[in-house]
Structure formats: structure tokens, C-alpha cells
Amino acid sequence: LGCIIVRREHSMQRPPALFAFVLCVFLPDAVRAAGNAGGKAVDLFLDDLRKGGKDKISFLFEVGANNGLWSNHVMKRAQQACPGGASRVRLTLIEPQQVFAARLRAMASLWRGTFFPAAAWTNETTLSFFLSSFSEASSLSEQMALTFNEPELHPEVRSVSVPTIDLAHMMLSAVHGAAAARGSVFLKLDVESAEYDLLPRLLTSGALCLCDYILIEWHLNAVAPGKRLAGVLFRNQLDGLLARGCARPPRLIIHDEDYRNNYGEPVPGLDKLASRYANAAAHLRNKRNFGVASDIIAQRSSRRPRAVSTVTAWLRNASEGVCAHYFADGLGRQRREASARTTGRSARTGRCEGRSGNFAVTTSQAENNLTSYAGECLRMCAACGRCNFLTLSRRERTCHWFESCGSLQRLRLAVTGPATLPKQAGAL
């Protein structure tokens, strides 16, 4: 491919220094889609290939392959990654531009892959394809092709009729139809604004859930203004939809959003949508304030021990003994009653009333794991606004809370050593 560029420059009678410079700059940019992030996805894909063994087949789909240089680069790296690496990658190239057909067909033959001289779409049909003077901007979108065609000088672009393939059906058939065990699946999608039509179909068909690595080049500005808001919302929700909807979500999704292709153009309706949420309280009388509940839940979550190390630190810093109020409040009697019961419940167990009470610890590992037991006590304490001190005894399966703690007294029956500590000292 590099030699072709050199010959082209030579035929145009460019100075040798100039076409050598073009060669050095062109190659890295062409093979590094999405910059370092795209390179990371390729690295992970090849790492999976090395670890997968000879019995697994991986898949590489380049949709909108253009000159195919990116796929050729990845396949060369696969060949070097491990013995027989390239032979265990099923390459699929999709590109409707006839100017690249011979090159892509030869590349598919070289790597024993498949080339579709068609445009990727939601079904099989025939569509108009608009040819820009900048081949990478040729597109099913006339707006995309015309923008990169210097519209001030060339206000029209030539269109041709091209066949389309159902991309979702093709991917599902290729992956599920493979006789060998499946390795990783990599999808690179660069279809010059058609992604907003293709991705919903790929999502609902389950084809996206087959992918381990997805690299999408977005072109919001080439979408009709009336459809841009839907495009923005879909783009920003796609990762979450895949994470919640796929049994095995993609490991890495990379969004290539060149500024000139995605920003700087108006998105009709976006300001109006934002104002609806920002000023809703001012226009709705007697509105339920869900924010209060959200704040309470967030504060409660922030006080919970987030790791075993936090609970361990609490136990390490706790003092041996029990609050003096333990006997004054009658909790000693409750402790003796609780010792004869499996759950340790008492009249005030689990309640957050008065100035002291008991929590019922039901952690399955509590009998043999002090850390689990203490963690359960701390979590219940975090949900009780009056719980400022804790005394726990794993032997008797009791967890006592106190609003205040005067002095510590020894509790002889607590073999494990009751732990009493202000909540804030326990890093809740």
C-alpha cells in the first residue's frame, strides 16, 4: 500500500522529498483509528488471541473499510502475535466504493477473509451512495459527502447505486456459524453517519452483544438537524444499554468523536430538553421532592463500610469492654434472654428508638467470622441515626448500640472481647 502511494505521487511529478514525507506521515494516522484508545483495543484483542489457544477462532469486522489499511495492519500484528495467529482470525471487510474493490478483494484473499463490495445497512436493498473528493467522507449521507467536497466550489457530489447487506444478520451468521470455539470479536464501525441507523438494529438483534471490542467513529454533524437530538441521546446511552442488556457485555467500547464531525453545530431541541429538567420544580406545584430521598440514600451509602479492610480497622481500634449504659438500660437482661435464641432478637432488636437497643445479626458467616459479624453490625448502625457507639459480642450473637457512652466496663462473658467505638472512629 505504501508503494502505491509513492507511485501515485511520482506520477504527479512531486519532488522525491515530498512524497517520502507523505509516506511517513500517512501510514501511522491511517492505522491508528481513535488514537491511543484504538490501539489499546487492538492490543487487548491480540492478547486474547495469544491466550485463546489453537482451537478458538476470533473475528475482525471492519465496516467502512475504505482502503483496508487498518485491517491489514491488525492482521500483520496477529501474524506476529503467535504461531498461526492470523489464521485464527476471520477477517470481514465491507466497503461499497469501487475504487477500493480490487485492493480489498486481494487483501481478503491474502488473509483468507471475506470482502463485501456493498454498504452496511439494516436490510438488503439498493441505496444511493454519494462520492466525495475525499474518499473517507463518501457516504450514504449526501450532507457528509458534500461537506468534505468543498461545497463552495463544488456544490454537488456524484451518486451511484450500491447494494447493501444486512450487517446484523451477517455478523450473527458468521459468528454462530463458525465450527470452532469462539474467541474474541472486534467490530470497527466507520460508516460516515449511517451508524445512527445501523447501531439500533445491531443492538436489538443481539449482534452487538457478540462483540468484545467495539470501535465506533461518530458523525453527528452529518445527521439531519431534526434527528441530532435523538442521536446525542442514543450515543450517550449506548454503553449503559449494552452493560445492562448483554449477558456478556463488551469489554471495551471506544467512541471516536472528532470535534469537526460531532461538535460546533446546533442540536435543535437540546436547550429546550435541558430547561424542562432544570426548571421543573418552579412550574409544578406540590411536586414530590425525590431529591430528599436521593440525598438520604446517598449519605447512608457513604457511611457504610465499603471493604473488609474498613471493618478490620474498626475492630483493630476498638476498646475491650461495654458502655456503662449497657446495664442501666436493661440490655444485660436482654443479652441473657438473647443468648438462648438463635437470632438474638429481643423486644427492641432492630429498632432505632430511645437511647440504646439491639441489632439482630443474621450474617451466615457470623458464627465463624468476626469480620463478617462486625461488618453486619456496622451496616445496621449506619442506618440508625441514634447509633453512635457499638458493643458487639460474637459469642452471644448480640450487637448493642448506644446514643452515648459514659465509661467502659468489663463484660466477663464476652470471650471475644466486645468492641465499643464511636462510629466516626470506625470510618463509616
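Residues are numbered from 1 along each chain as its sequence is written, and side-chain values use heavy atoms, with hydrogens and water left out.

The chain averages a pLDDT of 78, and 72% of the residues score at least 70, where pLDDT is the predictor's confidence in each residue, from 0 to 100. Over residues 1-32 pLDDT stays under 50, and the model has 24 contacts beyond four places in sequence for them; contact means heavy atoms within 4.5 Å. Residues 410-428 also stay under 50, with 60 such contacts. Where pLDDT is low, the predicted coordinates should not be read in detail.

Helices (H or I, at least four residues) and strands (E, at least two) are DSSP runs, numbered from the N terminus, and two strands pair if DSSP finds at least two bridges between them. Axes are lines fitted to C-alpha atoms, for helices over the stretch in contact, and angles run from 0 to 180 degrees between N-to-C directions.

| Sheet order | Pairing and strands | 
|---|---|
| 3-2-1-7-8-9 | parallel, six strands |
| 4-6-5 | mixed, three strands |

In the open sheet of six strands, strand 3 (114-116) and strand 9 (252-256) are the edge strands, each pairing on one side only, and the twist averages 10° from one strand to the next. Strand 2 (residues 89-94) runs parallel to strand 3 and is joined to it by three bridges, with Leu93 having Phe115 as its bridge partner in strand 3. Helix 5 (residues 101-110) lies across these two strands, at about 160° to strand 3.

In the open sheet of three strands, strand 4 (119-121) and strand 5 (126-131) each have a single partner strand, so one side of each is left without a neighbour in the sheet. Strand 5 is joined to strand 6 (residues 158-166) by six bridges, and the two run antiparallel.

Helix 8 (residues 195-205) and helix 9 (residues 228-245) pack at about 25°, with their axes 11 Å apart. That makes helix 8 roughly parallel to helix 9, a term for angles under 35 degrees. Among the residues that meet are Tyr196 and Leu203 in helix 8, and Phe234 and Leu242 in helix 9.

Terms used. Predicted model: local features only at pLDDT ≥ 70, side-chain atom pairs only at ≥ 80, totals over all residues. Parallel < 35°, antiparallel > 145°, perpendicular 65-115°, else oblique.
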